[in-house]
Each structure stands twice: as C-alpha cells, then as structure tokens.
Amino acid sequence: MSKHEITTIIGLEVHVQLKTKTKLFCSCSAAFGAPPNTQVCPVCLGLPGALPVMNEEAIELAIRAGLAINCSIPPMTKWDRKQYFYPDLPKGYQISQFDLPICADGYLEITDPEDPDSIRHIGIIRAHLEEDAGKSMHDEQTGKSDTRIDLNRCGTPLLEIVSQPDLRSAAEVKEYLTQLKLILTHLDVSDCEMQEGSLRVDANVNLHIRFDGKKIATPIVEVKNMNSFRAVERALEYEIERQYADWEVDGLTIEDNPKTTRGWDDVKERTFVQREKEESADYRYFPDPDLLPIRIPAERVEELRQSLGELPRETFARLQSQHGLKPYDADVIVNQGPAMIAYYERVSELSGDAKRASSWIQQDVMRTLKDRDVSIDDFLVTSVQLGELLKRVSDGQLDNTRARDVFSYLLEKESTVEQAIAALGIEQVDSSEIDALCQALLDANPAVVDDVRGGKVQAVGSLIGQAKKKNPNANPQQVRETLLRLIGK
Amino acid sequence: MLDSAAELLRLQENGDLTAVEITEKSLSAIESSEKSINAFTHVAAEKAIETARRVDAKRAAGEPLGPLAGIPVAVKDVLCTSDMPTTCSSRMLKDFLPPYDATVVEKLRVADAVIIGKTNMDEFAMGASTETSAFGVTRNPWDTDRTPGGSSGGAAACVAAGNVPLSLGSDTGGSIRQPAAFCGITGLKPTYGRVSRYGLVAFASSLDQVGPMAWSVPDVALLLQAIAGFEPRDSTSLNQYVPNYSEILQTTDLRGLKIGILSESSETEALDPAIRKAVQDAGEVFRSCGAELVEVNLPHSEYWVPTYYVIAPCEASSNLSRYDGAHYGHRTESIDTGSEHGPLVSAYCRSRDEGFGAEVKRRIMVGTYALSEGYADKYYNQALKVRRLIKGDFDNAFTQCDLLLGPVTPSPAFRIGEKVDDPIQMYLCDLFTVGANLAGLPAISLPGGSDSKGLPIGIQLQAPVLEESRLLFAAGAFQTATDHHKQRPQPLTETK
C-alpha cells in the first residue's frame, strides 16, 4: 500500500468479565441476561450509606489470570476511586485500581502470523480489577432520544489487561486475542464472549513512517465499538490504511493531534470519529476509604501458581515434542480447549498413532461437532471408541473408508466398535481369498500386468477398485501388495 | 423523668410505667419544645407508639426483652431508616426513603428501643452549629438564641430538652462531642471501626463514626453496648471483642490511672478562660479520685484542623458525587436543553446546585480541587502524610499516660448567626476534636461546669484505640464525683 517503510504500533486494552458467582462488592448475581434492574441491591445501586465488601473469588481469579500471562503479583494492592459523572455510574465513581494493580509486568507468547515457527512476546503492562458500570440503552426510535439505564451490570468484576504497544499488525492482534481468550477460558476465569460483552477490546493504533530519514508518528487513534475478533481485525486493517492515506494527504503527526477516538462501523466497514480531541480527563483517583488494602501472601500466590496446571502454550509445545505434531496441528487442537486436548491425547494413546489421531480429530470429529453444533463433552463417539477404531486402522484391520463407516455408525447408534464392525458386516478377509481374487483379476486384465511390468506401477489402481467392488471387506493396501507380488514386481 | 434510660428501664421492670406511657411522655415533650428548638426533621409518633405497645405486650407475656426495651431513642437523620425519611437535612434528600435500615438502627430495633424520630443536623453533617440544615436551625435548650453545636445539634438538643434519654449522633470531626458540650450532656465517639458504618450516609468515610449521646455515662455505655460490634457489611469494621461497658462503672477509685494533660491545648489563646478553668478543675477531680496527672505533648496538633479540612472535603467530594438527580434525590425541573455542555451536564449542574446548600458546595469544591491532578500531591497526599504523624503523636502520648484530658471546644455555645458566614471561625470549633477522628481514637465529651452566663462547658477524655471501657471508667468516676451532668436547662416555653 505504501511507498514508505511503515511500522504499525498497536497496544490493546482488554476488559474481561470475571466468572464470579456474585458481583465484586455485593452479593448480587453477576449472571448475564436477566431482565433490566433485577440484579441490584443498595450496594451496587450506590444508595446512600451502603458500603462495598470485596469478593475474594474475584481476587483469586485475577491472580490466576495474572500468573497465566506471566505477571508478577505484588504483596499489597488496593482499591481506588475513579471519579466521573455518568448516568450508568450511580456512585459517581468507579471502584478501580490506580497505582498498585493486582497484576503487573507480564507478557503473552503468540505465534508470529508471518512465520508459524517463531514466537513473539507481547508485553503486558498491567492487569487491574475494577467494577463494571451499568448499561445505557439509547432508544432513538421514539424520536426523543430516550435513554434507559440497566444497572444489572453495575459492580460486576472486570479485569482490565493493558498490553505494551508491541503488536505490529491486525493479524498479530487477532492472534493475541485468541491466545488470551484461550488462556482465560482454559482457566475458567472468564467466558470471553465479545457478543455478551464479557470480553471488550479497545485498540490504540498509529504508524511510524520512515520519511526523509526521520521517523514520523501519526496521531494515535483509540478504536472502540468492535464486537467480534473479526471486527477487531478488520477495524485495525482499515485504520492502518486510513492513517497512511490521511497522512499522505494532510501530513498530520502525533504532535499536531496526540489522540482521537474512533468507533468501528461494522456495516459500513469503516471507522468514524467519536471524539476529535482527547481531553486529558482528570479522574481524581484516590484510595477508597471504604475498603482496606489487600495483602496477598507470597505462599498464596505460589499455591495458585501450582493450581494453574498446564497452560495452552505449554500443551502446544508438548503436543509437538511428545506427539510429534506439526505446530499448525498442535495449534488447532489446543485452540479447541482443555476437553478437546484430553480427547486427543486419549485417542492418540489408544491408537498408538498420534498423527492419525490428529488428522481424524481435525477432520471427522471437528466437522461433525460443527455440523451438529455440539461440544466435545457431549460427543457420541468417545475417545476410547475412536482410539480403538484408529488402532484397527493402524494395524491394517480396517481401511480408512471402512473406518469412516464405523465412525458414522457409532454416531447414530450406541454400540462398541466391535459391534459396529459386526453390524456393518465388515470381516477380516483371509489372505488365500485375497490371493484368489487378485489372480482372477490379473488373469482378466493382462494389459495391466504389462503396464506394471513396463514400469507403470500405478496401473494396479484400477484393479484395486475392482477388487473392492467384488469384496467390500478387502483391504485396499493388502490388495495392492498382493497384486504386485503376483505380478512378480 | 426522661433523662435516664437506666431509671426508665427500672420503672418498667417494677411495673410503675409502661413503654407506651414513656413514649407518650416523650412525644408530648417533643411537641411542647419543638417550636422552640426544632430538634427533629421527622417525628414518628404512630410508629413509636406501635413499637412501645409491642414492648409492653412482650413484657406482659413474659417474653425476653432487649436491653433498651421501651426506651425512646432519637436517631440523627444521617442514618438510614426503612420506615422514615432519611434527609441528611438536605434538600437533595428531602423525600428520600431508604429501602433498608442502617446496622445501628437494626440493632436499636433488636434491642427493643422505641425509635421516636430523626434529628436535625448540619446538611450532610457538614457544620458545627446545625445552621446549615435545609430545614431550619436547631436552637440550644440552654439559650435558644444560641446554637446547640453541630453537626449532631438536633441529637444533643433533644436530649438536653428532655425529649428523649438517648440519641444517636455521628462524629466526623467532633460532631457528637461538640454539641454534647454545648448542650451540657455526655457524648462518645467510638474507635473508628467499633460501630458499623453500614447505613450511615457517608460524609468522610475514613473519619465517620456513629456514637451515643445521653446525660450520663451509664446511659452512654448502655447505648454503646447496643450498637457496638463487628459487621461484615462494613469492611472497616473491627472484628474485636466487645467488652461489657457497664461492668466497671460506679467507682471513684482511679488509683493507678495516668491522665495526660495536653500542654498545647491548655495554652492556646483561642481557649475561653472559663473552659481552661473547667479543664483544670476536672484534672483536680481526677487527682482527687487517685489518678496521676502528667503533662504530655502532641507536637503536630497545630496541623489537626488543616489536615482535617483537606481529607474530609476530599472524601466528601467523592461520597457526594452520587447525588446527581439521575437515580434518586432532588432532580431539577429546569434542564437547559440548549446548554453548551448538553442537557445531561445541565441536569447534573442544576440538580446539584438546587439540592445542596452553600457549606456542602464549598466542601465539594475544596475537595475536588485538592484531589485534582497537580494538586493531589500538594494537598491530599500531603495531608495523608501529616495524618500519620498525628497518629504517631497519640501513640507516643499513650506510652506516657492512659487517657488524655482536655477541652472539647474553644468556647461555649455561640449565638446563632455569629459564625455562619465565616467558615474559618466555624472550622476552628473543631480545634480540639478532630485529632481523635484523624487518629481513629475513642473520645468522650462530659459536662464539666458552666460559664458566667450559665452555658454548659464540656471536657474531653481521649483513649487509645478500642479502650472505650477505660474512657467510660474514668468518665463514670468523674460523674460520680461531680454534679455537672445533673444540671438542667430551664423548661422551654412554647413561644420564642
């Protein structure tokens, strides 16, 4: 797109809603989707005299998340009030964390989209806890721009994860978000559903352009209103192009306009200006006197670290080293989450063939899951069944085609692999029977014999097909070997 | 008659008086004095009689009764009550009915107390004279041209006027002790965290405490017992054992007790000579009871008021942000839709402008300023550092003595209108009281005599954290040895 050398600079602020049963400072349910203003109490409504009480579960989830993204957990953290007026913020301040976040200074490893064999470290500045605000619903249909407020979300716990501006492309952003979601869902810390708002992304993006031997920075744009990973990717792709194109026309740099806010329009597929000049807001942070500082003993952090288990990135590495999978295949399986990883490992172990297990899972299993819209937990073919089935394929007892028949049968009827094989009339064919079948075919097709003798080994292919027709149970591999042996090749 | 809860409990037990009779007496006393003093924002006559009837029925049925059974108690209008408005004496909350009871109110109900009504106060507890109330000034029963002090002015005045034997106040910088001193009664500010703040409408969260007011120490102890204790809904509440506060009263033997006299406060020029003398006399009373007097220093006491008047407004500016007219409270009827900042900002500005009085606005502005970027380090953060030094002073002093004795106020009750237009003069009323709030200590104000005009004078005792028992022990001895707490104002005439 460009005549210049350009470096894209992107940093992300990701809000994830923690999966606590109750809100951050009261015992109201934090569940999504209840009728408006039904999950509220004096505390989350900010009524006079009501006081917050911290939810320990949120602290634990935040520490687990922080450890998984390689953050340090300080021995002491605290709550601060961030003050601004808005109708969906009933106290006039949000309880957040200012200068002592619960998690600091971590990083996330992502696969480089440009080179699947290399890894990029994306720095994480901090991750802090805060309470969510309510939702303002602007109803413009009535013609008088009526706004209704739902305070159910008020006080639900959020972890805001702030990355370094280390991301260099929209593809990297997508990979970063994918990895982050993978980790947080793996730990059961958050659902990370962008559509439900349990994961929200704001991206700060600008370009460093080499021009006349100098580095020029375009104005930083904060992009908002993106409600899917795809939207994030497209918004950033658009924004990168737009910033370059605008710079070519107006030449504006970061000195002319330090920061603007733009929203993403998913329908028109473009960003639009929301706030031209970012006024530096003064939130008048100060420690919340209603809450005590939180002490986090090192032993507790260690305990939680031990409880994390194997993280997706470690599984990714192990699937390659232990099972010999290619990075791509390992990535696909890891991305399916812990249940699929367990499923894969069982199939791989029972079949004794890690690669066959991987390809079956990626093709047959995942396709079926998608078609039937079920999760691996509810899948009708168990890992034991699939492992047993694939073992028979590896042992040469079944060919792939017959194995797929068995697989389909297992999807429809509850039965063992053995029962399925019997029900489908699949039998092991005796080698003398195969010999006789092959000899008969060779006798009837002398041209093929000549071709093979003349060096065109692939000519036996047509006879394999005929053999299959005469006896569906004949193993194609065995037929091929027998044919070649009988030809004397 | 209505000046001793202990006596009223005894009379009910003996069958000489019923809770309904007591409540009726209280209500009629209120009715006859209210025109003169305006101590209440709300009187819950019917509900009070109803409660009293239940108490009498329980007693008749031989059911167990709470420790405040049938005792009329007035509640400062800063505490949430689910069955009465809670206004904080502000236009902002004029019609606000909380959907819940403050913990201390719940505890009063459990104790079978009769909640008689809500008492007038300085708006959002900001003031030292009850003159900033949106519902009219409360007058001092000793001299109705004078203020009862504040912010718990109504709470003090209704006890002094003989309306009720007990009332609950709140103390952020002296708001229980100063009106107690002005009205000649006893008032205790507990250790920060001793009494739950849940349902206490916040002024300055790190300083606010609810506390008891009554004529005498035993009554104060009785009410403190009913409201003290840990509560999980208040994160700053202390999870500590609550001793029996009434156990060690009724003694005049203070041998072994060291009482520290503050050299700074007794020397300050701001102190009225009659009060200086009352403090000296009190020292002699304690000495005659066997206590040893020692002189101690609190080197940073000159910074108490400036530190307090940074921290308290900072917290207040934040706590009062919620009153924006969007969800409850006063909302303007004249939103300027053409405002350059938009209708929403106009709604906020006008609702707050109309809802808050001048003193509240002043403190919100001071606090907002002191927390602003570039100023927070100079004011708020600096004040927090000084606050630690002030705490350190008290810690040091309490290595040399068990209690501190000093004045409550620089002067006795001042005239209505005298200081209301001079905030600095008004703030200096807190000169001797804010230290205990900044350090989180318990402190008590006791009647210590009167000046030449017959106005009551208070003396103050301060104790280390959670040493309410020690305070009450010494204060009880003082009242056993003196009659100051038995002085009463002239009955109020209905026309004034």
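1. Sheet in chain A. In this predicted model, three strands of chain A form an open sheet in the order 4-3-15, with antiparallel pairing. Strand 4 (93-96) and strand 15 (286-287) of chain A are the edge strands. Each of these two pairs on one side only.

2. Strand 3 against strand 15. Strand 3 (residues 80-83) of chain A is joined to strand 15 of chain A by two bridges. The two strands run antiparallel. Across this pairing, Arg81(A) stands opposite Phe286(A), which belongs to strand 15 of chain A.

3. Contact between the chains. Chain A gives 24 residues to the contact and chain B gives 32 residues. On the side of chain A that touches chain B, 15 residues are nonpolar, four are polar and five are charged.

4. The crossing of helix 10 of chain B past helix 13 of chain B is left-handed.

5. Helix 10 and helix 13, residues. From helix 10 of chain B come Trp304(B), Thr307(B), Val310(B), Ile311(B) and Cys314(B). They meet Tyr380(B), Ala383(B), Val386(B), Arg387(B) and Ile390(B) of helix 13 of chain B. By class, this contact has eight nonpolar residues, one polar and one charged.

6. Helix 5 of chain B. Is this helix, residues 153-160, enclosed or exposed? Eight of its eight residues are buried, so helix 5 of chain B is largely enclosed by the rest of the structure. The buried residues are Gly153(B), Gly154(B), Ala155(B), Ala156(B), Ala157(B), Cys158(B), Val159(B) and Ala160(B). After helix 5 of chain B comes Gly162(B), with a positive phi near 80 degrees.

7. Ser28(B). This residue sits in helix 2 (residues 19-37) of chain B. Ser28(B) counts as exposed because it has 12 C-beta neighbours inside 10 Å; the cut-off for exposed is 12 or fewer. In sequence, Ser28(B) and Gly127(B) are 99 residues apart. In space, 29 Å lies between the C-alpha atoms of Ser28(B) and Gly127(B).

Methods: Residues numbered from 1 in each chain as written. Chains lettered and ligands numbered in written order. Predicted model: local features only at pLDDT ≥ 70, side-chain atom pairs only at ≥ 80, totals over all residues. Left-handed = near helix turned anticlockwise from the far one by under 90°. Helix = DSSP H or I, 4+ residues; strand = E, 2+ residues; numbered from the N terminus. Contact = placed C-beta atoms within 7 Å. Nonpolar A, V, L, I, M, F, W, Y, C, P; charged D, E, K, R; others polar. Buried ≥ 20, exposed ≤ 12 C-beta atoms within 10 Å, placed from the backbone. Pairing = 2+ DSSP bridges.
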